[in-house]
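Subject: Structure handover

Hello,

Please find the sequence and the structure below. My notes come after them.

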Amino acid sequence: MDLTPAPGAVPPPPGGYRTPVRHGFPETPVETTTRLRPVRPRRWRTAASAACVVLGLGLIGGAATGAWLTGDSSAGTARSPYTAARAAWHSVPVDTLFPRTLKGRGAGPGGTHRTWTRVAVAADSTCKDGLDPLLLTTLRSVGCERLVRATYTDATRSAVTTVGLVFTEADASGMQALRTRFTEQKLGARKDLMPRTYAPEGTSAASFGDRQRASWTVNPLTEIPVVVLAVSGFADGRAVAEPQPASDAMASGAETDTAQAGLGHEAKGVADRVERGLRTAVAELTEQPG
């Protein structure tokens, strides 16, 4: 290539910028890129590549099969109701587990409406700290992860109810076995299996002790590992000589003081609404990836 300066051109000063030489043809990839010569693939390379592909497909297929068999997936599958519910006692806000106000439309005697206001929430505890020994023994087959409780009063402040959630360690078969046992042996009607009250001082439930227990319910669930329990009584601290299970106190024609005061409806109504709220919270947790 001729690098002689054109006639009349002024050479650039030493170290100065040199104007690039302009050629009379465009710079295109076709003109400036050298086309590589195709190389014929060797047979051993082809065989090795094929083996790698087969091996890779085998590994992928094996992993997919394993995930299908075990129910595991790295894509973030939803948690099961049992997994989600077992952790709900600390993962669900307290105002969701035990709302400040519960609405009981048609939950009172004769279909009357009820409203319950939360008095206090107990610190989470072991079942040993919150259940009578015999009830604790009865629930031993399902284990106890945690117990949470709260106490409510009705709109007239004449009745108080403690509601509790026992989060168990059992699987679905264990919870079904417990429910079957409660049904066949009528354990829910036994007075020696009544839940304990939660009666913090300085509240309208302060005098709600063991002797004030009037009606109760204990309900082992099967869709989630939880036992829902509740016990009600008079807010004025009067003792009850013959407490009744909620099912008996709510029966048509029941004439005991407990039944006439609607305390069976109190225990059942509060328990049912807390249970519904828990089920809704667990359903939302179940939809979230685990």
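This is a predicted model: local features need pLDDT of at least 70, side-chain atom pairs count only at pLDDT 80 or more; totals for chains, interfaces and linings use all residues.

Strands of a sheet pair through backbone hydrogen bonds, and the pairing can be parallel or antiparallel. Here, seven strands make up an open sheet with mixed pairing. Their order is β1-β2-β3-β4-β6-β5-β7. At the edges are β1 (101-104) and β7 (244-245), each of which pairs on one side only. The partner of β7 is β5 (residues 215-220): these strands pair in the parallel sense, over two bridges. In one of the bridges to look up, S215 has Q244 in β7 as its partner.

The helices

Helix α8 (residues 172-184) lies across β5 and β6 (226-234), and it runs at about 140° to β5. Helix α11 (residues 263-287) lies across β1, β2 (114-121), β3 (146-154), β4 (159-167), β5 and β6. The angle between α11 and β4 is about 40°.

The loop residue

T197 is found in the loop between α8 and β5. Is T197 buried or exposed? Its relative accessible area is 13%, and the cut-off for buried is under 20%, so T197 counts as buried. A polar atom of the T197 side chain lies 2.7 Å from the backbone oxygen of F208. Leaving aside neighbours within four places in sequence, T197 is in contact with R149, T162, F208, G209, R213 and V231.

Regards

Notes
Residues are numbered from 1 along each chain as its sequence is written. Side-chain values use heavy atoms; hydrogens and water are left out. Two strands pair if DSSP finds at least two bridges between them. Helices (H or I, at least four residues) and strands (E, at least two) are DSSP runs, numbered from the N terminus. Contact means heavy atoms within 4.5 Å. Axes are lines fitted to C-alpha atoms, for helices over the stretch in contact, and angles run from 0 to 180 degrees between N-to-C directions. Buried means under 20% relative accessible area, exposed over 50%, partly exposed in between (1.4 Å probe, protein chains only). A polar contact is a pair of N or O atoms within 3.5 Å; within protein, one must be able to donate a hydrogen and the other to accept it, and residues adjacent in sequence count only if both atoms are side-chain atoms.
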